[in-house]
Amino acid sequence: MQPRNMSMSGVVDLAAVKAAGEAKAKAEQARAESARQGGPAAVPASSLVIDVNEAGFENDVLQRSAEVPVVIDFWAEWCEPCKQLGPLLERLAHEYNGRFLLAKVDVDANQMLMQQFGIQGIPAVFAVVAGQALPLFQGAAPEAQIRQTLDQLIQVGEERFGLTGIAVDPAAGEPAQAAAPVPPGPYDSLLEAAAQALDANDFEGAAQAYKNVLSDDPANTEAKLGLAQAELLARVRATDPQKVRAEAAEKPADADAQLAAADLDLVGGHVEDAFGRLVETVRRTFGEDRDRVRLRLLDLFEVIGPDDPRVGAARTALARVLF
């Protein structure tokens with residue numbers, strides 16, 4: 001499991017059998033009614049990406065999710081990773097041509113929606129399928145990984161709910177000049193290969209690929225995130241969880257024991273526990289051990305993302321311990 005990503009497997013729990021059956025029947029009824037009226041009305045391509053607020057959420061997201069999966073991008077103007085992820089999701093929404101809709105929610109203007117979805121950091125991406133909400137991923141994920149997640153989402157929509165997407169009229173309501181396609185970046189192929197290695201559990205290969213990008217572009221956000229994830233997963237794969245937990249409990253001041261336990265905490269989704277464990281270990285250790293723990297904590301901040309409020313809180317706690 002990649003710590004910043006949320007598994008598609010949760011859809012089975014979120015979508016109860018009864019809800020799935022009702023949603024599928026509703027979708028089939030809507031298609032039958034549309035066929036009697038001469039076929040579904042095609043929507044303009046501009047309608048594939050919409051801005052959504054709290055007042056329009058029911059109509060724009062919940063009701064539309066009975067026809068087509070709706071992907072929700074929670075973002076804010078001040079969020080730098082959002083500025084990378086948002087245009088990518090918009091491009092994919094047009095490329096998938098009606099297989100899903102993209103709803104963009106500004107969290108600063110829609111705090112209630114943010115709270116209802118339990119969002120603790122942005123960008124965060126959810127989906128609603130036949131009224132059932134499920135988390136997709138958090139942070140600026142690689143394009144290859146996003147495509148894989150969208151493909152799974154569409155498959156779930158078709159197989160469990162009978163959602164086959166909406167028809168799109170590329171000419172209707174469009175501006176006279178379409179925006180020119182964004183050319184691929186200089187590292188796109190390398191980053192995609194690294195993401196594929198990560199998905200194949202080749203963590204060492206993925207780490208090396210990300211390092212290759214960073215050697216030329218040290219500030220590359222995607223490569224920094226990917227490297228932190230790959231190194232974390234490689235460390236966790238080589239451990240015995242029960243042994244790690246036992247040693248951490250027996251040796252609260254042992255840097256290696258606490259580092260290994262913090263990795264397990266983070267991969268298990270216990271972010272605050274991982275950060276708190278390492279902050280406390282920094283407080284208890286000195287010299288080289290303290291530096292190792294501090295640097296590992298900074299690495300884990302990269303895994304979660306600098307805009308996550310849990311990272312901000314942990315940075316503050318770390319500063320108190322150090323200074």
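## Two helix pairs to work through

The axes of helix α8 (residues 203–216) and helix α9 (residues 221–237) cross at roughly 155° and come within 8 Å. Axes here are lines fitted to C-alpha atoms over the stretch in contact, with angles from 0 to 180 degrees between N-to-C directions; helices are DSSP runs (H or I, at least four residues) numbered from the N terminus. The model is predicted, with pLDDT of at least 70 needed for local features and 80 or more for side-chain atom pairs, while totals for chains, interfaces and linings use all residues. Residues are numbered from 1 along each chain as its sequence is written, and side-chain values use heavy atoms, without hydrogens and water.

**Exercise 1.** Work out how α8 and α9 are oriented to each other, and sort their contact residues by class.

*Step 1.* Angles over 145 degrees count as roughly antiparallel, and α8 and α9 are therefore roughly antiparallel.

*Step 2.* Contact means heavy atoms within 4.5 Å. Among the residues making this contact are F203, Y210 and L214 of α8 and L227, L233 and R237 of α9.

*Step 3.* By class, the contact has 11 nonpolar, 1 polar and 6 charged residues (nonpolar: Ala, Val, Leu, Ile, Met, Phe, Trp, Tyr, Cys, Pro; charged: Asp, Glu, Lys, Arg; polar: the others, Gly among them).

**Exercise 2.** Now do likewise for α13 (residues 287–304) and α14 (residues 309–322).

*Step 1.* Their axes come within 10 Å and cross at roughly 165°, which makes α13 roughly antiparallel to α14.

*Step 2.* The contact includes R290, L297 and F301 of α13 and R310, A314 and L318 of α14.

*Step 3.* Its residues divide into 9 nonpolar, no polar and 4 charged.

Methods. Parallel < 35°, antiparallel > 145°, perpendicular 65-115°, else oblique.
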